[in-house]
Each structure stands twice: as C-alpha cells, then as structure tokens.
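Trainee: I would like a close look at a single part of this structure. Please take me through it strand by strand.

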Amino acid sequence: MEHIAIFGLSLQAWITITTVIGIFVVMAKTRIPAVVAFLGAMTVLLVTGIVTESEGMAGFGSEPVVVHAAFFVVMAGLMQTGVLYWLTKHLLGNPTNFKQAIIKLTIPIASLAALLNSVNVVALFIDVVKIWAKKLGTEPSRLLVPLSYAATLGGTCTLIGNSSNLVISGLYADQTGTALGLFTPFIPGLFITVIGCALILLFRNMIPRRQSPETSFEMTSDYTVELLVPTENEAVGMTVNEAGLRNVRGGSLIEIVRFDKEIIAPVPKDEFILGGDRLIYSGQINEILELKRSHGLVATDHHVYSISEIDNNRKMRTAYIGFGSDLIGSHMSDNEFERRTDLVLVAVARQGKRVNIQPREVELEAGDTLLLECPPKDDRKIDELTKGSLTFFDSHFVPLLGKKTIYSSLILVTMFILSSLHIMPLMATTMLAAGAMIALRCCRAQNVTKYIEWDLLLILGATVVFSTAITKTGIANVVASQVLQICGHNPLVIMIVLCVLASLVSEFVSDVGASGVFFPIAYQAAIDMDCNPMPFVVSLMLAVTTSFSSPIGSSTHMLIYGPGGFKFTDFMKIGLLMHIILLAANLLIVNIVYPLY
C-alpha cells in the first residue's frame, strides 16, 4: 500500500487526508459528538496501519494531554479552597453603565485567562456577567460576547491559556526536541489582546441583543398548572397510566403533591392516584385545562408550586445543552435522562423564547435552555450525573476561605515562576503543582476526576496522532512543496496563506483540530525555506485561536451560546471584522518579535 502513489502521495496519505476531511464534515454537518468523531478517525488510522499502536498511545501521553490533565487538578484545588470564589467576588467590581462594564470586564478577564485557561474563566464568570446585565437593565448577550472574546484573547498570551497553544507547543517539542517557554507567545498575544479589547469597546453597539432564556421562565404559572383530584373522582385508586393522566394532550405530569406535602417526582407510570392529590403539569396550559372537563379534575384553590422552591429541598435550576451533548436530536420522552438523573423537565427555551409545545416532545438542539426541577441532592452531585448532557451555571457552592486558600494560591504562583524562568519544563511544573494540591489537601483526591474534562483530553490526544500521521505519510512535505510552488519562496506570503487557511478552518472545526492539521505543514514550509520556524509556529498559534465568527471556533463561544440565547450567525456581526483585523495584527507583530532569518 505504501508503494502506490497518486499525485505524488501514497495511498496511506490519501487515507489520512480523507479521514481528516471526514472529521471536518462530521463535526460541521452532523450531531455526532466531537470526541466520537476524533476517536473514530483515529481508529481508521490504527486499523490501516498508518500509525502504530505505540504512536497512538504516545499521543495520549503527549505534553498537551498531560499538562491539561494536571492543570484540571490545579483548577480543582483553586475552586475547592476558594481562590476562584475570592477572585470572582473582588476582582470585577460593580459597573454603573454598559461602557464601564465592558472595560471592567475585558481587562481582568483577559488577564485571568492567560493564567487559568480561557474556558475555565468563562465558565466561572457567566453568572457574574448575567447579574451585571440585570443590574444595568441590558441583555446578558451584550456582556457574554465580551466575556468570551476577552478570555480567548487573554488565553493567547501563555501556553496554558488555550488548548491549541499547548497542542502546537507539544508538536514543536516533538519536532525539535526543544520545549517552548510558558510565555513564548506573550508579546504577540498581549499585542492582539490590547487591540482586541479596544475593538470590543469600539464595536460594543454591534453586539447582538438577545433575550436571556431565563426570562422565559420567570412566571411559573405561565408554564405549569395544578389540578386537584376530588375524593370521589373515578381515577382514585387507579395508576396515573391507567387513568390517562400521565402523558396528556399538550403536556405531561411532572409531579404529584400529596395532601401531606409528600412530593412524587418524576412520576412513575404505576403511581396510584389518591383523593386530594395535586397533579402538576407542564406544557400548553390551555390544552391541559381540558382535563377538568374530560377527567373531572378541579382547579386548586391556590398555586403551591414556586419558581424557587416547592419545599426546603426541591428547587428549579436552568441548564444549557452544549455542542456535543448526548441529548441533541432526542426527545425527553424517548430517552432515559429523567429516570437516570431523577430530574424533571418543566420547560424549554430556544434563542431566548419559550418553545410552545409539550416540553418532553421538543427535539432538543445545541443552545437550548432547560428548566428542570431538581431532587434533594447536592448541586455538585447533580452536575456530575448530568455531565456530558447538560451544563449548569447556577451553582451556589461557596467555599470556606482559610489557610488552604493561601496554599493553593502559592502553588499556582510557584508553578508559573518555575516554568517562566525555565527552572523546570511546563509538564513537570504542572504535574508538581497538581501533586502539591493533593498532598496539601487543597482538593480531595477522590473528587478530582469529576473536574477533569475527559472528552477534551481524548480530543487532544487524537489531534497529536493526526499530526503524526500527516508528517509520517509525507502530506506535510508535499503540501508545503505545493504551497512554495504556488506562492513562490516568499516566507511572508506563505505564512499569510497558511494562517488565513488555518483560521478559516478553525471557525468550523475548532482551534484544536486546525492546529493539529496545519502545524506540520507550516513547520515543514519553514524548514524548506531555511527560515526560523518560530514566526510560523507563533503566528499559527494565534491564528487558530482568534476565531470569533462562529460559536464552534472556540470552546468559550460554545459556553456562552446557550446562556446568551444566541443565533448561530450572531457571532459574525462583530466577530468577522475582529477576525480580519486581529489576523493582520498577528502577522505584523509576530514578524517584528520573531525575525524570519
């Protein structure tokens, strides 16, 4: 198979190209989770012998994967000891108008993202931004976009700020045997961060105004109705299924409140009906009220169901369906989600508006906001049960501040000092920091795994394997040679072409996927021209990260997509212009800081 050549490429090379393109198509056109697409493609490379088992395993032991895994443990320590809580409470302040809010938001968020990873920072501050928006009387979408953009920009300043930075850093180390420093991209990253934050302030009136999904859930009586079962009703003694009262026209039975305040939720189909039961339905209220006529039910004398609590234990929470969720494309009536988690779906909102059909019959989409009634379990337990399906942003966990807060802060600072001064490699410092967090009990060892984003680690490992295949099969050599022939041997022109292509691909696939595909090509082009590879490496690092035109381009955009009630095209309104300006700024500053020769 290796000896068959088509257009200068072996059959193995064409299989690799087809596989990589297949990932792009699957992610752009289907609802298959990204981790499944990446692992499926990696399986093809292993089965066809393009990469060996040892090369496949090496991807998951590479620097990007190990550093990310260790840093998740560090983040767990910072969360559990209250460092992040303290930062959230004291760093941002209280803005008095929208312009001031943009300034107070972008600068500290960008700074934190460089140190704590952009995705972690956005997840941490979403609730704070929503509170700001309510105080200022504006839509959360107008502050969520600056939050995501500022975090993405700040993440360009260090290797740990964005996942794609670590991927490129690891691939560079594999090629050269030399590890990049933690602050290698700092000056170019800081330059585009300053420009980007100024553009956010300048273009602030272009940010889309979208109604927050939560506003659709403010009045409980708008989407729930309670009906009382009279003692003499013929349904008494029957199961809810036998009586035809579980799934009804226009809605479904989400809860039964007994006369003694006992709450039954979710309601099993074999639950018996008693006289005096309050049956609580969600869905189309007008249609559900027909049950009074058809089944002899009566209206209750008062509405006991509350948006905040039904009793001291049960409460309502909002959650968002992210890209890659296993709920996308399903109906709650057909899956096992409610039974598995003991949660009850009450209502669904999409792009800031409630979906006016029976909630359990809604075909769920990425970005949908769900209103759920939660059982008397710890919020963190519920978050763990729903991981991979939903994301909650209303956690009320408030840690106790104490000496462990100081310990974890010192561990973080020490990690940065050791790495930035090249006393220890980045991988070693993050692993040491993670071990110190566990040793000093800043985070509990048994709870650490729930903070680790396993899907991301698998994608990072698979990305490294793809890059290995692109280099091994000669694709990087051939593509680099073709680019040289078409563009001439002008390194600046070639750098511009590769960065433009990589940035466009990252808008539709993700920065991590684009970095793994384009790094070997950019590096090989630099070697073929006898250039310093650093400007190619750093410019590519920034190009794939500053993807502002689609929600898929960055993990931070995916996080705000649901809470902001956005449409897919909203990001282009300000993001496309920022993308072009920052790409030009990137190429300018990188070639000043890192000369080509």
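Predicted model: local features only at pLDDT ≥ 70, side-chain atom pairs only at ≥ 80, totals over all residues.

Trainee: In which sense do strands β4 and β5 pair, and over how many bridges?

Mentor: Strand β4, residues 247-248, pairs with β5 in the antiparallel sense, over two bridges. Within that pairing, asparagine 247 lies opposite serine 252 of β5. The two strands make a hairpin with two residues between them. Glycine 250, in the turn, has a positive phi of about 90°.

β5 also pairs with β7, the strand of residues 278-283. That pairing is antiparallel as well and extends over six bridges. Glycine 251 has glycine 283 in β7 as its bridge partner.

Next comes β6, made of residues 263-264, which runs antiparallel to β5 and is joined to it by two bridges. Here valine 257 has isoleucine 263 of β6 as its bridge partner. β5 and β6 form a hairpin too, with five residues between the strands. In this hairpin, lysine 261 takes a positive phi near 75°.

As for burial, a residue counts as buried when its relative accessible area is under 20%. Seven of the seven residues of β5, residues 251-257, are buried, so this strand is largely enclosed by the rest of the structure. To put the pieces together: β5 has antiparallel pairings with β4, with β7 and with β6.

Technical notes: Residues numbered from 1 in each chain as written. Heavy atoms only, no water. Buried < 20%, exposed > 50% of the residue type's maximum accessible area, 1.4 Å probe, protein only. Helix = DSSP H or I, 4+ residues; strand = E, 2+ residues; numbered from the N terminus. Pairing = 2+ DSSP bridges.
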